[in-house]
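Here is a short report on one protein. Look at the sequence and the 3D view first, then read on.

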Amino acid sequence: MKRHLISAADLTRDDALLILDTADELARVSERSIKKLPTLRGRTVVNLFYEDSTRTRISFEAAAKRLSADVINFSAKGSSVSKGESLKDTALTLQAMGADAVVIRHGASGAPHRLATWVDGSVVNAGDGTHEHPTQALLDAFTMRSRLGALDGRRITIVGDVLHSRVARSNVLLLHTLGAEVTLVAPPTLLPVTVQSWPCEVSYDLDAVLPKADAVMMLRVQKERMNDAYFPSAREYSRRYGLDRDRLARMSEDAIVMHPGPMNRGMEIAAEVADSPRSTIVEQVANGVTIRMAVLYLLLGGETQ
Ligand code: NCD
């Protein structure tokens, strides 16, 4: 494996499978009443969050602690960042403190890439702007694999605000590496112009694609990144691209429903679909801890090339 995890494209098929298999092993630890392993004792993991986060931040912290690493949580609010300190100066401070890994979430696409040039430790991208979120893609793949078996030839449909979604981009790359066939479904205004070069199909017709899917991943409509009108109204969006009870009924019986969270219930996904037994949304959160343990273990404690 490479020293940093910045893009899902950093992972070869073997790397990705190693992470998933390691997570399978570590999942057993999470089932025990004492959830701790001594593996990363004496190592320091810094969580550097410039953007809001619930699941990702908590799960990186839980993952590092379950491996006995020392964890430093840094959030831009309440730090010298609000006094205008640059990412570089913050990075040099972390470097001086001897961080073995820096987990970074940042509003600017490319921030983790820059950070990696300033620190000696491993950099893990926990979401950068609209660019990538590789550990989310890994936990999604882990969830799909545990529900559906090997991903080769599986048909995965990703629906919604692809334009602003780092989750979609990382998922397309990783799922392609793992041999799955991905179809993106979105209104044309919510697809990036570069989508033609992505290793996936594109459709504007959710109802045509749904019956063939093994997994349907709904994306949040990212209102905070929208300064224009991308669709006529929330109602119109849900009517064409929302997953409601009727659409769920048209999916294959074993197909699963996924969402990275946070959800706009009633917009991209109906509450009853989100809470249905077909939904893996809560499972995805639990798997997030396991996958992040596997990533930290392999970057810091395991065998590296
Ligand atoms: C996503 C993110 O922040 O990129 N959430 C997550 O990490 N679980 C998706 C989103 O914000 O919609």
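## Salt bridges between the domains

This is a predicted model. Across the interface of domain 1 and domain 2, the rule finds 5 salt bridges. Asp21 and Arg145 form a salt bridge, and their closest N and O atoms are 2.9 Å apart. The interface of domain 1 and domain 2 also has 12 residue pairs in polar contact, with both residues at pLDDT 80 or more.

Which elements give two or more residues to the side of domain 1 that touches domain 2? They are α1 (13–31), α2 (55–66), β3 (101–106), β4 (122–128) and α11 (281–301). Of these, α1 gives the most, with 8 residues. By type, this side of domain 1 divides into 12 nonpolar, 9 polar and 9 charged residues.

## Two domains

Now step back to the whole chain. Domain 1 covers 8–132 + 285–304, and domain 2 covers 134–280. Domain 1 is therefore written as two stretches of the sequence, under an automatic or database domain assignment. The centres of the two domains, taken over C-alpha atoms, are 25 Å apart. Their contact takes 30 residues from domain 1 and 25 residues from domain 2.

How much area do domain 1 and domain 2 bury between them? The value is about 2,400 Å², with 60% of it on carbon and sulfur atoms. Three residues stand out on the domain 1 side. Arg13, Leu20 and Thr130 supply 24% of the area that domain 1 buries against domain 2, more than any other three residues.

## Around the ligand

The model also holds a ligand. Which residues surround the ligand? They are Thr56, Arg105, His133, Gln136, Arg166, Val167, Arg220, Gln222, Pro260, Gly261 and Pro262.

Pro260 uses its backbone, with an N or O atom 3.0 Å from a nitrogen atom of the ligand. Gly261 also uses its backbone, where a polar atom is 2.9 Å from a ligand nitrogen.

Pro262 is another residue around the ligand. A cis peptide bond joins Gly261 and Pro262, with omega at about -5 degrees. Pro262 sits in the loop between β9 (256–258) and α10 (271–274).

## Arg225 and its partners

Find Arg225 in the loop between β8 (215–218) and α8 (234–241). The side chain of Arg225 makes a polar contact with the side chain of Gln222, at 2.7 Å. Gln222 is one of the residues surrounding the ligand.

What else does Arg225 touch, not counting residues up to four places away in sequence? Its partners are Glu51, Gly129, Thr130, His164 and Arg166. Two of these names have come up before. Thr130 is among the three residues that supply 24% of the area domain 1 buries against domain 2, and Arg166 is one of the residues around the ligand.

The structure holds 16 salt bridges. One of them joins the side chains of Glu61 and Lys65, at 2.6 Å from N to O. Why are Glu61 and Lys65 separated by about one helical turn? Because they are 4 residues apart in helix α2.

Next, look at Ser68. Ser68 is placed in the loop between α2 and β2 (70–75). Phi of Ser68 is near 70 degrees, a positive value in a residue other than glycine.

Key. Residues numbered from 1 in each chain as written. Heavy atoms only, no water. Contact = heavy atoms within 4.5 Å. Buried area = accessible area lost by both parts, 1.4 Å probe. Salt bridge = Lys/Arg side-chain N within 4 Å of Asp/Glu carboxyl O. Polar contact = N/O pair within 3.5 Å; in protein donor to acceptor, adjacent residues only side chain to side chain. Nonpolar A, V, L, I, M, F, W, Y, C, P; charged D, E, K, R; others polar. Near = heavy atom within 4 Å.
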